[in-house]
Amino acid sequence: MNQEELLQRAAEERAIIVNKYEHGREEGAQIDPWEDPSFEIYHVTDRYGFIHDQRMPMRKDTKEIQVEMEREKKWLKMAKEWDNHKRSPEKLRRRIYKGIPDSLRGTFWSRLLNLETIKEEQKGKYEEMRKIAMKWSPDIRQIDLDVNRTYRDHMMFRERYGLKQQALFNILGAYSVYNREIGYCQGMSQIAALLLMILHSRISKACAISGPP
């Protein structure tokens, strides 16, 4: 098989994979039984969305819940004074080391990453990179394999070609052509999936199909 035939074969394979993610789990989708993990009634889901086969330890006691609620109040107050804390970050740094409350983690990770500003500055870039990746990225096959291996014990990523697998596939594909020096390497899927877990409340269905809102 010569180089031209290899390139043609790779392009056909890429098109097949991309088509599966674009159509997701619609009726008639070809999904092998081994690709979807089973979900039995005795499985238990923890508060972070991970699935377990054994009963989990009891939830936090009353004191821990009260401490968590007090911390939430402090972080909500910080949100109203965010500009002041950014200018004098020592207190913010101490609070972060203590831990951001679960219920507010997505909100404050977004602020700490300065996502709104970056999205405005890079408006349209993600969608542009995603479209290029679906046609030309040489990493699509490896990304597809890794997506199906990433956090399969988590509710968000259980279903083959489900919305969050689609979102993860699109993000990894877009980055593989955005950062040409790195492209894609194994391990990126775990990082991107973790960010999707934390920020999922800010990710709409549109992200899985075409890009972030």
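**Salt bridges and ring contacts in a predicted model**

The structure holds 12 salt bridges, a salt bridge being a side-chain nitrogen of Lys or Arg within 4 Å of a carboxyl oxygen of Asp or Glu. This is a predicted model, in which local features need pLDDT of at least 70 and side-chain atom pairs count only at pLDDT 80 or more, while totals for chains, interfaces and linings use all residues. Residues are numbered from 1 along each chain as its sequence is written, and side-chain values use heavy atoms, with hydrogens and water left out.

One of the salt bridges joins Glu13 to Arg141, with 3.1 Å between the closest N and O atoms. This pair links distant parts of the chain, since Glu13 sits in helix α1 (residues 3-23) and Arg141 in helix α8 (residues 140-147), 128 residues apart. Helices here are DSSP runs (H or I, at least four residues), numbered from the N terminus. Glu13 is partly exposed at 34% relative accessible area, and Arg141 is also partly exposed, at 46%. The classes are buried for under 20% relative accessible area, exposed for over 50%, and partly exposed in between (1.4 Å probe, protein chains only).

Other salt bridges lie within a helix. Lys73 and Glu70 meet at 3.5 Å, N to O; they are 3 residues apart in helix α2 (residues 62-80), so about one helical turn separates them. Lys73 is exposed at 51%, whereas Glu70 is partly exposed at 43%. In helix α4 (residues 90-98), Glu90 and Arg93 are likewise 3 residues apart, about one helical turn, and their salt bridge spans 2.8 Å, N to O. A network of salt bridges links Glu127, Arg130 and Lys131.

The structure also holds 6 aromatic pairs. Rings of Phe, Tyr and Trp (its six-membered ring) pair if their centres lie within 6.5 Å; planes under 30 degrees apart count as stacked, over 60 as edge-to-face and the rest as tilted. Tyr21 and Phe169 are stacked because their ring centres are 3.7 Å apart and their planes lie at 0°. Tyr21 is in helix α1 and Phe169 in helix α9 (residues 163-178), 148 residues apart, so this pair too links distant parts of the chain. Both Tyr21 and Phe169 are buried. Ring pairs join Tyr21, Tyr161 and Phe169 into a cluster.

Arg111 lies over the face of Trp82, 5.6 Å from the ring centre, and over the face of Phe108, at 5.9 Å. A charge sits over a ring if NZ of Lys or CZ of Arg is within 6 Å of the ring centre and within 35 degrees of the ring normal.

Note on methods: Helix = DSSP H or I, 4+ residues; strand = E, 2+ residues; numbered from the N terminus.
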